[in-house]
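Visitor: Hello! Could you walk me through this protein, one step at a time?

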Amino acid sequence: MPPPTPYGPPGRPPQRRKSGGGWIALLLIIVFVVAGGLVRGAFSHGRLSSTASGPGPSMTYTPDSNGGVSETGTNPLLTDPNTTLIPAKCSYAPWSTQVDTARKFFETAASCLESAWKPVLAQKNLPFQSPTLNVSASTDGITTPCTGSTSNFAAFYCPANKTIYMPLSQLQTDLFKDNWIVYLSVFAHEYGHHVQAMAGILRKANSDRVDAGVRSEKGLELSRRIELQANCFDGMYLGSSANGGSLKTAQITLARRDAHGRGDQRGDMRDHGTTENGGAWFEIGVDKDRAAQCNTFTASASSVS
């Protein structure tokens with residue numbers, strides 16, 4: 001079998017539908033192709049672009065049962081208007097581009113994100129499993145079920161092994177320096193994809209993408225709905241962390257500005273959403289802190305363009 005080739009949204013494999021045994025075998029070999037190369041540029045216009053929160057890989061993927069309810073807009077995580085993250089004090093470890101220090105920073109962030117999201121999933125009778133973290137100096141020598149042996153990827157979540165990859169060389173630390181709120185926001189976005197996987201949203205959304213054709217207009221719209229929801233979940237967490245006293249107003253302001261710089265750029269496949277919509281969904285997460293408000297799957301087409 002040839003090595004996996006990329007597809008639109010970052011780190012999300014095709015998933016099994018609720019029924020139809022033949023789909024299991026089919027989805028093990030489905031490959032998606034992104035125009036213009038394995039992963040589009042990780043950064044653009046001096047800001048983290050949408051692909052700073054993920055590459056566009058494909059993979060062979062064995063569906064498992066660790067995914068909640070296979071629904072999107074009607075998923076239990078999204079239907080209760082009162083589902084919110086409880087503000088909590090979180091002690092983030094110091095940030096540094098030194099790998100061991102950065103790893104500790106992301107480990108403390110992961111612990112805080114788990115404390116925020118795990119009770120919400122449990123309340124909805126949805127499963128939870130902690131993601132694995134892979135923090136490295138660069139992408140050199142990293143092989144993943146989602147990217148194969150390619151080293152051309154940015155930070156992303158791979159649901160095939162439930163791992164968040166954070167290669168420091170791809171975080172544009174020369175630009176953002178010690179403003180670690182930007183790196184935390186990227187990480188919270190990837191953790192948002194893990195929440196989607198745990199809830200079962202990814203399984204259903206990707207099954208629908210396969211049915212529609214992943215590069216079709218409908219398939220790309222579904223991709224954008226997935227990505228923009230992760231932006232909203234990112235905002236929810238940062239807002240909650242700020243309300244708990246763990247982040248400063250100036251940091252949230254910087255995160256808001258960065259969020260408005262992420263999205264599909266000229267020449268990109270239309271799989272992440274415009275910078276305007278990317279920022280808008282992040283703002284909804286920060287300001288509303290309600291999972292139901294992040295229901296991109298019932299939102300109008302124009303709001304996920």
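Guide: Happy to! One term to begin with: contact means heavy atoms within 4.5 Å. Please keep in mind that this is a predicted model.

Visitor: Which residues is Ser241 in contact with, leaving aside its neighbours within four places in sequence?
Guide: Start by finding Ser241 in helix α7, which covers residues 217–243. Once the neighbours within four places in sequence are left aside, the contacts of Ser241 are Ala88, Cys90, Tyr92, Ser246 and Leu247.

Visitor: With which side chain does the side chain of Ser241 make a polar contact?
Guide: Look at the residues in contact with Ser241, among them Cys90 and Tyr92. At 2.8 Å, the polar contact joins the side chain of Ser241 to that of Tyr92.

Visitor: Is Ser241 buried or exposed?
Guide: Buried means under 20% relative accessible area. Ser241 has 3% relative accessibility, so this residue counts as buried.

Visitor: How many residues of the contact of α3 with α5 are charged?
Guide: On α3 the contact includes Phe105, Leu113 and Glu114, and on α5 it includes Trp180 and Phe187. The residues of this contact divide into 16 nonpolar and no polar, while the number charged is 1.

Notes. Residues numbered from 1 in each chain as written. Predicted model: local features only at pLDDT ≥ 70, side-chain atom pairs only at ≥ 80, totals over all residues. Heavy atoms only, no water. Helix = DSSP H or I, 4+ residues; strand = E, 2+ residues; numbered from the N terminus. Nonpolar A, V, L, I, M, F, W, Y, C, P; charged D, E, K, R; others polar. Buried < 20%, exposed > 50% of the residue type's maximum accessible area, 1.4 Å probe, protein only. Polar contact = N/O pair within 3.5 Å; in protein donor to acceptor, adjacent residues only side chain to side chain.
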